[in-house]
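Welcome! Here is a short briefing to read alongside the model.

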Protein chains: 6
Amino acid sequence: MDMDGVVLEEGEAIDWIVFNRPKAANAFSAAVLERFTALVKDRQTNGAPVLGIRGNGRGFSSGMDLGQYSATSGPTSDVMRLSSYVERWLDLWRHPKPIIVAVHGYCIGVGAQLASFADILVVADDAVISEPTIPIGGGFIAPAWTSHVGSRRAKEFAFLPGNRIDGRTAAEWGWANCAVPASELIACCESLAQRMKLVPPAVLTMKKRSINRAMEAAGFHAALSAVAESDALLHLEPEVSRIRNRLKTEDLKAVVKDYAGESSQEIFRRHQVRAAEQG
Amino acid sequence: MDMDGVVLEEGEAIDWIVFNRPKAANAFSAAVLERFTALVKDRQTNGAPVLGIRGNGRGFSSGMDLGQYSATSGPTSDVMRLSSYVERWLDLWRHPKPIIVAVHGYCIGVGAQLASFADILVVADDAVISEPTIPIGGGFIAPAWTSHVGSRRAKEFAFLPGNRIDGRTAAEWGWANCAVPASELIACCESLAQRMKLVPPAVLTMKKRSINRAMEAAGFHAALSAVAESDALLHLEPEVSRIRNRLKTEDLKAVVKDYAGESSQEIFRRHQVRAAEQG
Amino acid sequence: MDMDGVVLEEGEAIDWIVFNRPKAANAFSAAVLERFTALVKDRQTNGAPVLGIRGNGRGFSSGMDLGQYSATSGPTSDVMRLSSYVERWLDLWRHPKPIIVAVHGYCIGVGAQLASFADILVVADDAVISEPTIPIGGGFIAPAWTSHVGSRRAKEFAFLPGNRIDGRTAAEWGWANCAVPASELIACCESLAQRMKLVPPAVLTMKKRSINRAMEAAGFHAALSAVAESDALLHLEPEVSRIRNRLKTEDLKAVVKDYAGESSQEIFRRHQVRAAEQG
Amino acid sequence: MDMDGVVLEEGEAIDWIVFNRPKAANAFSAAVLERFTALVKDRQTNGAPVLGIRGNGRGFSSGMDLGQYSATSGPTSDVMRLSSYVERWLDLWRHPKPIIVAVHGYCIGVGAQLASFADILVVADDAVISEPTIPIGGGFIAPAWTSHVGSRRAKEFAFLPGNRIDGRTAAEWGWANCAVPASELIACCESLAQRMKLVPPAVLTMKKRSINRAMEAAGFHAALSAVAESDALLHLEPEVSRIRNRLKTEDLKAVVKDYAGESSQEIFRRHQVRAAEQG
Amino acid sequence: MDMDGVVLEEGEAIDWIVFNRPKAANAFSAAVLERFTALVKDRQTNGAPVLGIRGNGRGFSSGMDLGQYSATSGPTSDVMRLSSYVERWLDLWRHPKPIIVAVHGYCIGVGAQLASFADILVVADDAVISEPTIPIGGGFIAPAWTSHVGSRRAKEFAFLPGNRIDGRTAAEWGWANCAVPASELIACCESLAQRMKLVPPAVLTMKKRSINRAMEAAGFHAALSAVAESDALLHLEPEVSRIRNRLKTEDLKAVVKDYAGESSQEIFRRHQVRAAEQG
Amino acid sequence: MDMDGVVLEEGEAIDWIVFNRPKAANAFSAAVLERFTALVKDRQTNGAPVLGIRGNGRGFSSGMDLGQYSATSGPTSDVMRLSSYVERWLDLWRHPKPIIVAVHGYCIGVGAQLASFADILVVADDAVISEPTIPIGGGFIAPAWTSHVGSRRAKEFAFLPGNRIDGRTAAEWGWANCAVPASELIACCESLAQRMKLVPPAVLTMKKRSINRAMEAAGFHAALSAVAESDALLHLEPEVSRIRNRLKTEDLKAVVKDYAGESSQEIFRRHQVRAAEQG
């Protein structure tokens with residue numbers, strides 16, 4: 001059974017909420033999000049002491065299901081729609097249990113936003129965390145990154161079209177706790193959960209609340225206060241509308257190709273290597 | 001003379017306050033804390049331009065002297081007792097001189113809280129910085145870490161029982177400025193102090209105040225606002241009381257064993273290595 | 001034509017504002033600053049989608065033109081003068097375009113303050129970013145660093161006279177996005193700009209505003225609130241006045257020599273190596 | 001039909017959610033709270049442009065249903081239970097519509113906490129807003145008041161047992177927008193809603209979000225970060241337990257009598273008058 | 001000479017910048033704003049120790065010159081345009097001199113935003129401070145009010161179309177320092193300036209900076225971080241566009257009439273009086 | 001016995017710390033401050049449940065003992081000296097008991113700073129709260145006021161030389177909880193304490209901590225971060241030095257006279273009345 005594209009796998013130390021629409025690249029449809037939120041809430045009082053989130057198939061998630069955006073609905077309802085994403089992820093932040101997110105394969109756009117709200121984030125070495133490949137919105141994802149990686153890297157990540165980092169870089173930047181080989185990703189999270197299981201759940205809850213409070217004192221919450229406004233506003237920017245219109249009439253690959261190219265990290269490496277070769 | 005377990009070693013560039021109860025693993029008894037605070041205050045206007053803090057014996061400090069906790073005193077007095085630790089460390093933060101903390105060997109619980117208030121922190125490569133080995137409190141230490149290492153690592157550190165990092169990891173995380181071999185720890189701090197000595201003391205004071213102000217704008221102070229409440233509350237959690245009661249009747253080693261196991265960094269390395277071996 | 005020591009080089013993807021007083025080590029004279037600000041404002045609505053800032057000659061900038069300071073003007077006018085630097089750099093922060101700063105050679109004092117306001121910062125491997133060589137002020141530069149490198153490293157950097165890091169360390173600390181060989185510095189920035197050029201300018205503007213807002217929620221602005229007061233106050237500190245007076249009568253090199261010595265990173269490396277040699 | 005003690009009255013300009021357990025003094029039972037939250041969420045996308053909240057019977061609400069507290073559940077679950085109140089009221093804060101709360105008669109404890117989250121608050125002249133009559137918790141309500149009335153009055157209100165202010169004082173303090181005669185309370189709110197109805201709903205939503213953001217920048221959210229911890233902790237304070245135990249064995253009136261007496265405002269007036277009489 | 005609608009009147013204790021387009025109701029045209037900003041900057045280092053701002057004619061200002069808004073320019077350029085207002089008012093906030101704003105007659109929309117940045121604000125008893133009469137934007141003005149009047153009154157003011165308060169209410173709310181009869185408005189400000197003139201200008205500057213810093217710690221700056229985004233977004237809301245379109249084809253008075261009606265304070269008074277009459 | 005100018009009067013509900021150097025107008029000498037701090041700390045664990053602070057003689061306090069300032073000590077030691085005042089008042093803020101400050105007669109400068117840290121503040125109707133009569137410092141007191149009265153009134157209070165408000169105005173502004181006739185001042189505070197005595201001390205402690213935390217979230221602490229720098233800096237302003245020098249050679253009354261004149265509230269009333277008379 002599809003279960004609206006999200007399944008629950010119960011374990012002794014960790015329960016997994018698994019995005020399970022591999023054919024749709026685990027894009028977040030309305031049904032997926034509703035089911036996801038319901039499962040997250042259910043786990044507040046049920047199940048294993050740790051909650052895990054991952055994706056089935058070749059990647060974690062391709063992010064928003066673009067079919068859901070409708071330019072005709074007005075910018076304020078767009079703001080409310082975008083805010084609802086952040087509210088869903090904040091359910092993770094406020095959840096009484098430690099939440100481990102395991103990212104493999106692609107992790108795009110809002111998928112990379114969700115991951116910023118994990119308590120512990122483990123990524124596969126070869127995961128590719130990226131901005132949407134086509135610049136049709138903005139100011140929505142990077143602010144949640146800023147609390148983890150600082151503004152330098154948040155801006156670097158956000159300013160290049162379809163910019164991306166691999167899992168190793170994500171761990172170096174401190175966005176993730178660690179990068180491990182993809183084949184060990186789930187096992188590694190389960191090892192962590194096995195250890196956490198020994199701590200009384202109440203202690204885990206209070207530790208999480210206390211560190212969250214420290215992050216909120218450092219602006220975690222406030223950083224998110226107007227991300228929906230920024231994105232909704234860009235949806236109405238004429239140049240962005242032109243790109244969106246191209247998507248209706250042209251082949252997706254053709255549009256993507258116009259923005260494709262090196263990532264910032266690839267640019268840095270190329271110039272580092274070139275000098276070495278010439279040196 | 002024992003001097004209540006803390007001694008002052010005066011130097012030209014740096015005065016050292018040295019925890020000196022090696023048989024008690026430099027645990028912070030009430031007498032130690034009073035003497036420590038008195039020495040810290042005395043150095044505000046006396047002595048060398050830099051103040052150092054370190055421990056004698058096999059480690060920096062094993063943290064709180066558990067004998068001091070009394071469940072019968074009521075949670076609010078427990079809050080006030082816990083707050084008094086933070087107030088003592090804030091004396092370091094507000095101190096007019098640069099304060100270098102040198103950590104070697106074990107550095108546990110409240111010892112690792114103290115170290116978060118140092119201006120400059122140098123650790124021995126093989127130092128072991130750890131959570132208390134038995135989970136009988138919480139939410140007290142990690143918030144002070146969050147300002148230095150972010151929430152990802154603060155949570156990773158806090159969620160596993162008796163979790164620990166070595167000195168090299170502490171430097172990689174940015175919790176410490178640098179890790180050096182244990183044999184060079186004191187000499188390295190003295191080298192730093194020799195250089196600082198050339199700066200007029202007033203300049204050092206104003207630089208410290210100005211950077212502290214920046215940290216406070218980023219929530220350093222606010223992060224600490226309810227750590228005492230979190231910990232005191234957990235002291236009354238039934239499951240925590242059960243563990244405390246075990247400590248009264250069972251052998252300490254037996255209890256410790258129930259929570260012993262890999263650290264988070266050991267888990268990460270094991271999974272990284274395993275894949276490499278199988279690859 | 002000298003153009004007051006600052007020239008504009010227009011490009012397709014990136015316009016460069018170039019400090020061009022190599023004989024004066026690109027010190028910021030009043031004329032340089034006025035011209036710089038005028039060019040920055042002009043680029044708000046004109047030119048390429050990305051704005052770059054760099055220096056001609058052997059380094060980025062040696063910082064303040066000390067000739068500008070006059071002890072007779074009163075501390076409050078000194079505060080206003082110092083605030084005007086921060087206001088100029090905030091023009092970069094508030095600028096609608098992404099701003100890339102490229103640092104090579106020396107980058108001293110207020111030069112290292114300016115760089116903290118860049119959106120993207122690329123440094124040459126062998127760049128030397130440093131505090132002023134003589135401790136005649138303070139509390140002015142490091143608070144802007146704190147948002148990028150934390151208090152540990154901000155204090156380490158600030159407390160040693162003439163302390164300095166090279167480009168590689170700047171990138172490791174997260175102060176810069178990346179360090180590349182000096183010969184590739186400009187090309188690397190141009191590569192980044194070429195990619196950014198594909199993003200609609202409005203999207204870049206909103207992304208920058210959104211990440212800035214997150215940084216401001218984390219105290220970026222507030223960190224700067226009293227840096228001018230700190231510095232102005234130290235200008236009147238008797239011990240600082242004595243050093244200033246020496247500068248009027250003695251050879252500069254003689255004064256510099258009194259404060260010269262190892263940097264903190266050199267101290268750390270020396271102690272790391274010594275143990276290895278003895279081990 | 002009782003509808004779990006909460007009813008919805010739909011109107012053209014304003015829908016009213018009405019607490020309707022007059023015999024239980026509109027105490028917030030679990031069932032009431034669940035129904036309340038469901039109605040609040042339903043009104044996000046349905047009904048009139050303005051949402052009102054009021055109580056049926058002789059008062060707005062007597063606050064928590066004390067039967068719900070169980071000392072045996074552990075302090076952390078008490079924290080989560082208390083946090084759930086704040087989360088419910090934050091649903092009002094985040095609601096897309098303007099929310100008018102109309103307070104008449106008694107408004108006690110958590111009832112006075114709820115009212116702090118209203119957008120517009122209108123009170124009856126003779127309403128009595130009060131702390132719980134018996135001091136068996138604390139630190140839970142006043143922080144939400146502080147954003148509206150400052151610390152002086154929040155402390156005055158909180159420090160006297162069963163302290164209370166009438167509607168006129170609530171308006172003078174700025175806790176309420178206005179006090180009107182009880183007979184005009186509902187009509188006054190409806191008049192406000194009639195005017196608001198002319199503003200496009202999207203404009204009202206964005207205005208509310210924008211002002212909320214300003215309040216959050218001034219700490220509204222952060223003020224609430226540990227109120228649950230404070231209250232849960234006091235529930236375990238021995239002296240508080242003694243009072244709770246009295247409530248199980250003694251007549252409620254006898255216990256209330258021990259804490260009864262003048263309010264702070266009555267004390268102020270008495271001393272003002274006495275001097276006038278003697279003058 | 002018109003001087004672009006703004007004139008400077010120099011005095012001994014106070015210089016006045018006077019809006020002087022009475023026929024255009026002192027609306028802020030681009031020319032007016034440029035001239036205003038130039039005068040404000042010029043007064044940083046020239047003239048009397050106090051700076052005053054007022055309007056000539058029947059009122060202070062009717063706010064934005066609506067002719068300046070162009071829906072075709074794209075929302076991001078609208079954001080930048082709106083931000084430029086806030087930047088201009090922040091020049092008052094950062095100005096080294098005390099700034100007294102004197103408000104008489106009408107003070108609408110952005111006029112009421114400007115006044116929020118005054119150091120001292122004196123209003124005529126019968127001044128009418130109001131929201132724009134037609135709801136075609138939002139979230140732009142009230143956040144700057146929130147720091148002065150709290151969220152309760154900011155929301156009350158913002159949620160009714162064309163809502164307004166008179167000078168006396170403005171003083172009661174603490175938005176203004178005092179309300180005086182219109183005939184005494186200028187004389188009163190001059191009396192204040194005569195007294196301030198006795199304080200050394202440097203002392204006034206530092207006092208202003210210090211209090212501003214306290215306000216910024218309380219979120220004054222952060223409250224303004226996304227007001228431009230809110231307003232720009234509403235400019236594109238379909239329902240708002242419909243109203244704007246009506247303005248192009250219908251008589252202004254007809255449109256205004258659709259939104260005209262009681263202010264919130266009039267509603268409150270009506271219900272207070274009605275009960276009294278019936279009582 | 002003089003007891004260094006401060007005496008302790010113990011009571012059942014409230015202990016009073018009383019400034020008792022009436023001949024010196026209760027100026028804060030070093031001895032007074034040391035004794036004051038010692039008594040405050042002693043009362044943390046001893047005595048009545050409420051702590052009161054008042055002055056003997058004709059007023060509360062005339063503020064700093066000017067004899068203590070020495071221009072030769074260097075600005076940084078001046079900063080540390082000034083910070084020590086704030087630290088002493090923060091002992092009141094952090095004190096576990098409610099602290100009531102009772103102000104009668106004059107309350108000048110640092111006296112009015114102390115009062116800002118009270119939990120409950122009661123003033124005599126005819127008390128005169130004022131800035132120092134001669135403008136020889138600044139930026140030190142008003143930031144602590146800002147949290148209570150907002151920036152409008154803090155600036156009004158601070159910008160006029162020797163500006164002052166009476167007790168009634170202090171209560172209207174919300175700086176004080178209430179103004180009562182001088183003859184009732186102590187009795188009124190005792191009445192409040194009698195009621196507070198019924199609340200378990202632990203509950204009072206936690207309520208105070210919780211409201212303080214809310215105030216700190218609203219910037220109370222951060223507002224104080226650089227007040228010492230502002231004041232120390234002005235002490236070195238040439239124009240301020242000139243005034244200080246006059247004080248050494250001229251009669252105090254002659255200097256005071258140069259700055260004497262109407263308060264801001266007197267100016268407002270004069271202009272309100274004049275219009276009424278002419279109307």
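Strand 1 and strand 2 (residues 14-19) of chain E pair in the antiparallel sense over four bridges; strands are DSSP runs (E, at least two residues), helices likewise (H or I, at least four), numbered from the N terminus, and pairing takes at least two DSSP bridges. This is a predicted model, where local features need pLDDT of at least 70, side-chain atom pairs count only at pLDDT 80 or more, and totals for chains, interfaces and linings use all residues. Residues are numbered from 1 along each chain as written, chains are lettered from A and ligands numbered from 1 in written order, and side-chain values use heavy atoms, leaving out hydrogens and water.

**The sheet of chain E**
- Val7(E) stands opposite Val18(E) in strand 2 of chain E.
- Six strands of chain E form an open, mixed sheet in the order 1-2-3-4-6-9.
- Its edges are strand 1 (6-9) and strand 9 (178-180) of chain E, each pairing on one side only.

**Where chain A meets chain C**
- The contact (heavy atoms within 4.5 Å) takes 45 residues from chain A and 45 residues from chain C.
- Three salt bridges are counted between chain A and chain C, each a side-chain nitrogen of Lys or Arg within 4 Å of a carboxyl oxygen of Asp or Glu.
- One salt bridge joins the side chains of Lys207(C) and Glu131(A), at 2.6 Å from N to O.
- Helix 4 of chain A gives the largest share of the side of chain A that touches chain C, eleven residues.

- Chain B and chain E share no contact, and their closest C-alpha atoms lie 8 Å apart.
- Chain A and chain F do not touch either, with nearest C-alpha atoms 8 Å apart.
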